[in-house]
Amino acid sequence: MSDASRVTVFLNGTIIVDPDEAGRSPETATSDAIAFRDGAVAALGDDARALAVSPTDDVTTVIDLAGGALVPGIGDGHAHPVLGGVEALGPQVRQAADLAGIVSAVAEWKAAHPDAEWIVGASYDATFSEGGLFDARWLDEVTGDTPTILRAWDYHTAWVNSAALAAAGITADTPDPELGRIVRRADGSPLGTLQEAAANDFIADIVPPFTLEQRLDAIERATRGYAEQGTTWIQDAWVEPADLGLYLEAAQQERLHTRVNLAFRADPARWREQVAEFASNRSRVRSLGHPRLTGDTVKFFLDGVIESHTAALIEPYADRPDDRGLPNWSDAELAEAVRAFDAEGFQLHLHAIGDAANRSALDALEQARDADPGRERHHVVAHVAVLDPADVQRFAELGVIANFEPYWAQCDAVMRDLTIPHLGHSREGWQYLIGSVHRSGATVTFGSDWPVTTRDWRPALSTAITRHSHTDPDAEAWLPDERVSAAVALGAYTTGIARQALASDRGTLAVGRAADAAWLSANPLAVAPESIAELDVLGTWLAGDVTFLHTSGAPGAPRTT
């Protein structure tokens, strides 16, 4: 038995072999049985069934799908798992229903942790205060002299109390940092809301960091949660220097329950030094040789977010006629930096929210291509929130991957109360043009941006299909021409992600591909779109290894022969 292979055979369900093909020819894109052997898909259909019944020297596990579906492993093309994981360590402000609820959650946490030197939490809902602006004095009432910082759900904004402002030495005389804003009262004193670099620098320079063990627990908790929802690969889209050691340690301790690719953040102030640093970081990851960790990507923050007027727009904000946002890079500097990292063989991942940022991203990537036109690239523009229709076709022409967060493609409270008033109705229809970009022939991938919004791909998949919340099935579709089919949406999480992950052996369940799969209680391509959010994930396999199995209540208990 020392030479025996591990075989897993799945029967009595629908195998979605290739989501892209399922949209064109369901008969050829599905099967009714599949077998995994030693980390790869070994057989389909009758050949797979034969492995379940024929005596061999293999150790065979048979799983009855009980009418459910097996789909390729789900990917998350843009997330922040460390940030999401450490949210559990602070006040649970995300659950608050209003401003009073946030303050109450902070008060409860302080009462439970009376000796804490700092209160650090996330992610509050910015719609609970007009314009997304929050006053330090509201926190002072429950925090006293304990410095407190809460991050907004967009992670581009923070709310601090007076003790935190004092700890940082921020007064009426403190200038705004480069690429950031300290929101002020009419008399010039700091209000308590920090935007972009003002918030991020505060976190980096003033707030005591979580311990290594706390962060290891956070990344394990985060990746275990991903595995429980059928996810097998995630893009950590914001990796700072201290995070590299964390991930290397997590991999060595076998605490990663999904594959993770690291995107090292390019700093506009020191990117030239970072070219060599990031190449060294990549080498350290590759030297470890762990199958669940890669570090092949560089992240650029081109701008901020619409809701705080920091996204970069071609024309001014509708409610601020002199304001076009806060770009982090000049076009010339961005193009030079993109060419430098591209020449080192890095995949680039560019955060672009405003239409000006998206155009700058495409311009820079085009210049990099023109400097070395013979090489295949898999660069990514992430979010693509506001896109001038004139730039839609450029994604396909340049071979650039458009990574959308589809859960945002609905007219919710944030869209209604903040985004559209800031943009104006003339640009409302330029948002999340998923259907248009897909029809152009470009590769579309999906992500969550967790913890900005839910990491659960199921309600997001539903939203991509319907353009409204799954909780209101009778709602009118927002920008209905930008809807995509269920097969296209599932492909954005699977076959599209395989290209983004630089993994040609993943994304489908064809014979020879990696045995990454999720077992669902029903076929997501055959149920009503609104009900996709209610599908149960019953099991997850990564390279043939079980990373999650819903043993309590799973209808198809596995048996081993």
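Helices here (H or I, at least four residues) and strands (E, at least two) are DSSP runs, numbered from the N terminus. The model is predicted, so local features need pLDDT of at least 70 and side-chain atom pairs count only at pLDDT 80 or more, while totals for chains, interfaces and linings use all residues. Residues are numbered from 1 along each chain as its sequence is written, and side-chain values use heavy atoms, with hydrogens and water left out.

- L288 has 30% relative accessibility, so it counts as partly exposed. On this scale, buried means under 20% relative accessible area, exposed means over 50%, and partly exposed is in between (1.4 Å probe, protein chains only).
- Leaving aside residues up to four places away in sequence, L288 touches L248, A251, Q252 and L293. Touching, or contact, means heavy atoms within 4.5 Å.
- Take A251 from that list: 37 residues separate A251 and L288 along the chain, yet their C-alpha atoms are 8.7 Å apart.
- What angle do the axes of helix 10 (residues 241-252) and helix 11 cross at? They cross at roughly 5° and come within 11 Å. Axes are lines fitted to C-alpha atoms, for helices over the stretch in contact, and angles run from 0 to 180 degrees between N-to-C directions.
- Helix 10 and helix 11 are therefore roughly parallel to each other (angles under 35 degrees count as roughly parallel, over 145 as roughly antiparallel, 65 to 115 as roughly perpendicular and the rest as oblique).
- Helix 10 brings L244, L248, A251 and Q252 to this contact, and helix 11 brings N281, R284, V285 and L288.

- Eight strands make an open sheet with parallel pairing, in the order 6-12-13-14-15-16-17-18. Two strands pair if DSSP finds at least two bridges between them.
- Strand 6 (74-79) and strand 18 (444-446) are the edge strands, each with a single partner, so one side of each has no neighbour in the sheet.
- From one strand to the next, the twist averages 25°.
- Strand 6 runs parallel to strand 12, joined by four bridges, and G75 stands opposite W233 in strand 12.
- Is strand 12 (residues 231-239) largely enclosed or left open? Nine of its nine residues are buried, so strand 12 is largely enclosed by the rest of the structure.
- Strand 12 also pairs with strand 13 (residues 259-265) in the parallel sense, over five bridges; there, D236 has L262 as its bridge partner.
- Over at strand 18, three bridges tie it to strand 17 (residues 401-404), and the two run parallel. A402 has V444 of strand 18 as its bridge partner.
- Helix 19 (residues 486-493) packs on this sheet, touching strand 6 and strand 18, with its direction at about 75° to that of strand 18.
- Helix 13 (residues 355-371) lies across strand 15 (347-352) and strand 16 (380-383), and runs at about 160° to strand 15.

- Another open sheet has five strands in the order 7-8-9-11-10, with mixed pairing.
- Strand 7 (119-124) and strand 10 (180-184) stand at its edges with a single partner strand each, so one side of each lacks a neighbour in the sheet.
- Strand 7 pairs with strand 8 (residues 148-152) in the parallel sense over five bridges, and I119 stands opposite T148 in strand 8.
- Helix 6 (residues 136-143) packs on this sheet, touching strand 7, strand 8, strand 9 (157-160) and strand 11 (190-196), and its direction makes about 50° with that of strand 9.
- Helix 8 (residues 197-205) packs on the sheet too, touching strand 8, strand 9, strand 10 and strand 11; its direction makes about 95° with that of strand 11.

**Rings and charges**

- The structure holds 19 aromatic pairs. Rings of Phe, Tyr and Trp (its six-membered ring) pair if their centres lie within 6.5 Å; planes under 30 degrees apart count as stacked, over 60 as edge-to-face and the rest as tilted.
- F300 and W329 make a tilted pair, 5.1 Å centre to centre with 50° between the planes.
- That pair links distant parts of the chain, 29 residues apart: F300 is in strand 14 (residues 293-301), and W329 is in the loop between strand 14 and helix 12 (331-343).
- Both F300 and W329 are buried.
- Ring pairs join F264, W271, F278, F300, W329, F341 and F346 into a cluster.
- R282 has its charged end over the ring of F346, 4.0 Å from the ring's centre. A charge sits over a ring if NZ of Lys or CZ of Arg is within 6 Å of the ring centre and within 35 degrees of the ring normal.
- K299 lies over the face of F301, at 3.8 Å from the ring centre.
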